[in-house]
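Please read them alongside the sequence and the coordinates.

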Amino acid sequence: MYIYVLLRISWAWGIKMRVISASDLARNTSAILERILTGETVSVMRNRTEVAHIVPAKRSMTAAQAIAGLEGKLTPAQGDSWLKDSRGEFDQEVRDPWS
């Protein structure tokens, strides 16, 4: 039964997704999450009723990752200007936020 359920495919909102039962999700959470990490969307059914869609999280990046590709593309003057603009009205003073 598990193999049949994992191979069943549904089309909802124009998205191809696997359909699994809630009990299969409970028994195989790790394997199903690995599939979701690869970009799959999973529909969860309980008592023949669709109860959830599990979709991959949107990819995010840190500020360091975002600017990593800029190295060598900005002149030193442009880099200094960007750094000054990014700090805005922040200063170097350390304050106690709870005071």
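1. Polar contact at Ser-21. The side chains of Ser-21 and Ser-23 make a polar contact of 3.1 Å, a polar contact being a pair of N or O atoms within 3.5 Å; within protein, one must be able to donate a hydrogen and the other to accept it, and residues adjacent in sequence count only if both atoms are side-chain atoms. Ser-21 belongs to strand β2 (residues 15-21). Helices (H or I, at least four residues) and strands (E, at least two) are DSSP runs, numbered from the N terminus. Ser-21 counts as buried because its relative accessibility is 16%; buried means under 20% relative accessible area, exposed over 50%, and partly exposed in between (1.4 Å probe, protein chains only).

2. Basis of the model. This is a predicted model, in which local features need pLDDT of at least 70 and side-chain atom pairs count only at pLDDT 80 or more, whereas totals for chains, interfaces and linings use all residues. Residues are numbered from 1 along each chain as its sequence is written, and side-chain values use heavy atoms, with hydrogens and water left out.

3. Confidence. The mean pLDDT of the protein is 78, and 84% of the residues score at least 70; pLDDT is the predictor's confidence in each residue, from 0 to 100. Confidence is lowest in helix α1 (residues 2-7), with a mean of 41, and highest in helix α2 (residues 22-27), at 93. The pLDDT is below 50 over residues 1-7, a stretch that has 10 contacts in the model beyond near neighbours in sequence. Contact here means heavy atoms within 4.5 Å.

4. Overall organisation. The protein contains 5 helices and 4 strands, and their order along the sequence is α-β-β-α-α-β-β-α-α. Of its 99 residues, 18% count as buried. Among contacts with a separation of 6 or more, 24% come from residues 24 or more positions apart.

5. Strand β3 is joined to strand β4 (residues 49-54) by 5 bridges, and the two run antiparallel; strands pair if DSSP finds at least two bridges between them. Met-45 has Glu-50 of β4 as its bridge partner, and Arg-46 stands opposite Thr-49 in β4. Because 4 of the 5 residues of β3 are buried, this strand is largely enclosed by the rest of the structure.

6. The turn. Which residues separate the two strands, and how many are there? The hairpin has 2 residues between β3 and β4; Asn-47 and Arg-48 lie in this loop. Asn-47 has a positive phi of about 55° although it is not a glycine, and Arg-48, also not a glycine, has a positive phi of about 60°. With a relative accessibility of 71%, Asn-47 counts as exposed; Arg-48, at 83%, counts as exposed too.

7. The nonpolar core. The largest nonpolar core comprises 6 residues: Ile-20, Leu-25, Ile-32, Ile-36, Val-42 and Val-44. Such a core is a set of buried Ala, Val, Leu, Ile, Met, Phe, Trp, Tyr and Cys residues joined through side-chain atoms within 4.5 Å. The elements that give two or more residues to it are α3 and β3. In soluble globular proteins, nonpolar side chains tend to be buried together. Not counting residues up to four places away in sequence, Val-44 touches Ile-20, Ser-21, Ala-22, Leu-25, Thr-49, Glu-50, Val-51, Ala-52 and Ile-54.

8. Surroundings of Glu-40. Glu-40 lies in the loop between α3 (29-37) and β3 (42-46). Leaving aside neighbours within four places in sequence, Glu-40 is in contact with Arg-18, Arg-35, Ile-54 and Pro-56. Its side chain makes a polar contact of 2.9 Å with that of Arg-18 and a polar contact of 3.2 Å with that of Arg-35. Glu-40 and Pro-56 are 16 residues apart along the chain, and their C-alpha atoms are separated by 6.9 Å.

9. Geometry of α5. Helix α5 (residues 76-87) has 12 residues and at 1.5 Å a residue should span 16 Å; its end C-alpha atoms are 17 Å apart, which agrees. The expected span is 1.5 Å times one less than the number of residues in the helix. The helix α5 is followed by Gly-88, whose phi is positive, near 55°.
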